[in-house]
Amino acid sequence: MSFWLTSRLSFPPLEDALVEPNGLLAAGGDLSPERLIKAYRCGIFPWFNENETILWWSPDPRMILFPNELKISHSLNKILKQRNYEIRVDSAFNEVIRACAAPRKKQAGTWIHSDMISAYITLHEMGLAHSVETWIDGRLKGGLYGVTQGKIFFGESMFSQINNASKIAFVHLVKQLEKWNYSMIDCQMRTNHLASFGAREISRKEFSHILKESVNYPNQIEKWSFDNESIE
């Protein structure tokens, strides 16, 4: 690793990120709100295992979703129209992030450990991290969380306890962000799951260009409230 962070809130240029592993840019530092906000505004995010050095990433290409490019499968569209669920926002952030951290099939551990949980709960309390939740029969069954800066939503993780619960929350999020004129949703790394929704890879250069144009809009420093009819 060529760049170790100090107490200064600075990061190396994104072009210095490694090709292998893709996007590894720096190590060290802390998870203070100030550093996390600085990182996101630069297009950088933390990702590391518990009890290991903090690692900071800026992959190239970058997986993103433009809200107006959302794709909804026929089967999911039928589920959305059934309306046998309730979407809540920022009502159970702590529960959502802890559910995202729970062990999953074919996964040895989780990168959402106690330090990360504490850091993002702090961002939530500052009004900069949000959860979108799917409730069924009064119980939290799925959802997601992420960080906002300006007109960008930086997605972090999602979970489902029943089929399609996180997908329902994700579609409502994207539809609402489109109404709010958000530029893009940062999905970080490619997955087939996100690609099925229309997410695609763009170059780091293009991502950085959109980022610079979008992060300087005023933040909504408050709990979110979605429109009653965010699905049309």
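1. E7–E8 hairpin. In this predicted model, strands E7 and E8 form a hairpin with two residues between them. Asp137 sits in that turn and has a positive phi of about 55°. Strand E7 covers residues 129-136 and runs antiparallel to E8, with eight bridges joining the two. One of the pairs to check is Trp135, whose bridge partner in E8 is Leu140.

2. E8–E9 hairpin. Strand E8 also forms a hairpin with E9, again with two residues between the strands. Here the turn holds Gly150, with a positive phi of about 60°. The two strands run antiparallel and are joined by eight bridges. Gly143 stands opposite Phe159 in E9, and the partner of Leu144 in E9 is Met158. Nine of the eleven residues of E8 are buried, so this strand is largely enclosed by the rest of the structure. E9 is mostly covered too, with eight of its nine residues buried.

3. E9 to E10. On E10, strand E9 pairs in the parallel sense, through three bridges. Ile152 has Met184 in E10 as its bridge partner. The chain passes from E9 through H5 to E10, a β-α-β crossover that is right-handed.

4. Largest pocket. The volume of the largest pocket is about 710 Å³. Its lining counts 26 residues, and those nearest the centre are Trp111, Glu156, Ser157, Met158 and Thr191. Two or more lining residues come from each of strand E3 (45-46), strand E8 (139-149), strand E9 (152-160), helix H5 (165-179), strand E10 (184-188) and helix H6 (192-195). E9 gives the most, with five residues. By class, the lining has 16 nonpolar, seven polar and three charged residues. Four-stranded sheet. An open sheet of four strands has the order E1-E2-E4-E3, with mixed pairing. Strand E1 (4-5) and E3 stand at the edges with a single partner strand each, so one side of each is left without a neighbour in the sheet. Strand E2 (residues 24-28) and strand E4 (residues 55-57) pair in the antiparallel sense over three bridges. Ala26 is placed opposite Trp56 in E4.

5. Trp57. This residue is found in strand E4. Trp57 counts as buried, at 9% relative accessibility. The C-alpha atoms of Trp57 and Leu25 are 5.3 Å apart in space, although the two residues are 32 apart in sequence.

6. Cis peptide bonds. A cis bond joins Glu20 and Pro21, with omega about -5°. Pro21 is placed in the loop between E1 and E2. The bond from Asp60 to Pro61 is also cis, with omega near 10°. Pro61 lies in the loop between E4 and strand E5 (62-65).

7. Asp90 is not a glycine, yet has a positive phi of about 60°. The loop between strand E6 (86-89) and helix H3 (93-101) holds Asp90. Asp90 is buried, with a relative accessible area of 3%. Gln188, likewise not a glycine, has phi near 70°. Gln188 is found in strand E10 and counts as buried at 9% relative accessibility.

8. Cysteines. With a cut-off of 2.5 Å between cysteine sulfur atoms, the count of disulfides is zero. Cys42 is in no disulfide, and the nearest cysteine sulfur, that of Cys187, is 20 Å away. As for accessibility, Cys42 counts as partly exposed at 26%, whereas Cys187 is buried, with a relative accessible area of 11%.

Definitions and conventions. Residues are numbered from 1 along each chain as its sequence is written. This is a predicted model: local features need pLDDT of at least 70, side-chain atom pairs count only at pLDDT 80 or more; totals for chains, interfaces and linings use all residues. Side-chain values use heavy atoms; hydrogens and water are left out. On a 1 Å grid over the protein atoms alone, a cavity is a set of points where a 1.4 Å probe fits but cannot get out, and a pocket is an open set with protein on both sides within 12 Å along at least five of seven lines; lining residues have an atom within 4 Å of a point. Grid points are joined across faces, edges and corners, and a volume is the space filled by probe spheres set on the points. Ala, Val, Leu, Ile, Met, Phe, Trp, Tyr, Cys and Pro count as nonpolar, Asp, Glu, Lys and Arg as charged, and the others, Gly among them, as polar. Buried means under 20% relative accessible area, exposed over 50%, partly exposed in between (1.4 Å probe, protein chains only). Two strands pair if DSSP finds at least two bridges between them. A crossover is right-handed if, with the strands pointing away from the viewer, the path from the first strand over the helix to the second runs clockwise.
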